[in-house]
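Here's a quick briefing to read with the model open beside you. Have a look at the fold first, then work through the points below.

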Amino acid sequence: LPIRDADGRLLNVRLYKPDAKSGEQKWLNTKGHGSPAQLFPLECLASEEILLCEGEFDTILAFQHGYAAITGTGGCGVWRDEWTPLFKSKIVTICYDNDAPGRESAVMVAEKLAGIAASIRILKWPPAMPDGGDVTDHFVTLNLGEEEFNTYLKQAPEYVSSKTRRMPKDIQGVLPAGGFLRSYISYATELTDAPPEFHLATGLA
């Protein structure tokens, strides 16, 4: 998979390892060309509405279904600060994997884009989506279509930055004014019936 910069220059060639064992990297970089991570594909930045996906396969599949999809080649936990201005005034929906790293990284990215993008939403996968499931599982494994996916996109809650969201008084003073943990607890509290104390305890565990 060729990775190019905005001028079309080849920066890296990513190779897929289909027989990767559990814990192994499925995508391999050409030696000496994997760092820093890049956005792929850059052409989709021209769109007003963007899906941020976790991984190249999800991105390509979403693109095939008509969505302007982008991913980072460094994995969901990597976000370079120089990427943030590229999403200025964009309508962004984050569609990361249905697992703890995906959910936590989605909040991290949303916090980075807060105040830059016109709108930020984080897709909440339905109960039918297996743990670790993703865009590819939606269209391939579960054999669902664009109609269902569009419903998920419409139902995705608008992200409110922890910088502006008010925290309960009993949490104030326990967490710093900013930071990832505060963002994650705020967002998790908004999505569930559990109190923020629960998410604080699990976040620190």
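Tyr 67 is buried, at 12% relative accessible area (buried means under 20%, exposed over 50% and partly exposed in between, with a 1.4 Å probe and protein chains only). Keep in mind that this is a predicted model, where local features need pLDDT of at least 70 and side-chain atom pairs count only at pLDDT 80 or more, while totals for chains, interfaces and linings use all residues. Residues are numbered from 1 along each chain as its sequence is written, and side-chain values use heavy atoms, with hydrogens and water left out.

**Aromatic pairs**

- The structure holds 9 aromatic pairs; rings of Phe, Tyr and Trp (its six-membered ring) pair if their centres lie within 6.5 Å, and planes under 30 degrees apart count as stacked, over 60 as edge-to-face and the rest as tilted.
- One of them is Tyr 67 with Phe 149, edge-to-face at 5.2 Å centre to centre and 70° between the planes.
- Tyr 67 sits in the loop between helix 1 and strand 7 and Phe 149 in helix 4 (residues 146–155), so this pair ties together parts 82 residues apart in sequence. Helices here are DSSP runs of H or I with at least four residues, strands are runs of E with at least two, and both are numbered from the N terminus.
- Phe 149 is buried too, at 0% relative accessible area.
- Phe 149 also pairs with Phe 139, this time tilted, with 5.4 Å centre to centre and 50° between the planes.
- Because Phe 139 lies in helix 3 (residues 135–141) and Phe 149 in helix 4, that pair links parts 10 residues apart in sequence.
- Phe 139 is buried as well, with a relative accessible area of 8%.
- Tyr 67, Trp 125, Phe 139, Phe 149 and Tyr 152 make up one aromatic cluster.

**His 138**

- His 138 is in helix 3, and it's buried at 0% relative accessible area.

**Ser 161**

- Ser 161 is in the loop between helix 4 and helix 5 (180–191), and counts as buried at 9% relative accessibility.
- The side chains of Ser 161 and Glu 111 are joined by a polar contact of 2.7 Å (a pair of N or O atoms within 3.5 Å; within protein, one must be able to donate a hydrogen and the other to accept it, and residues adjacent in sequence count only if both atoms are side-chain atoms).
- Leaving aside neighbours within four places in sequence, Ser 161 contacts Glu 111 and Ala 114.

**The sheet and its helices**

- An open sheet of 5 strands runs in the order 5-7-6-8-9, with mixed pairing; two strands pair if DSSP finds at least two bridges between them.
- Strand 5 (39–40) and strand 9 (119–122) are the edge strands, each pairing on one side only.
- Strand 6 (residues 49–53) and strand 7 (residues 69–72) run parallel, joined by 2 bridges, and Leu 51 has Ala 69 as its bridge partner in strand 7.
- Helix 1 (residues 56–64) lies across strand 5, strand 6 and strand 7, at about 170° to strand 7. Axes are lines fitted to C-alpha atoms, for helices over the stretch in contact, and angles run from 0 to 180 degrees between N-to-C directions.

Methods: Contact means heavy atoms within 4.5 Å.
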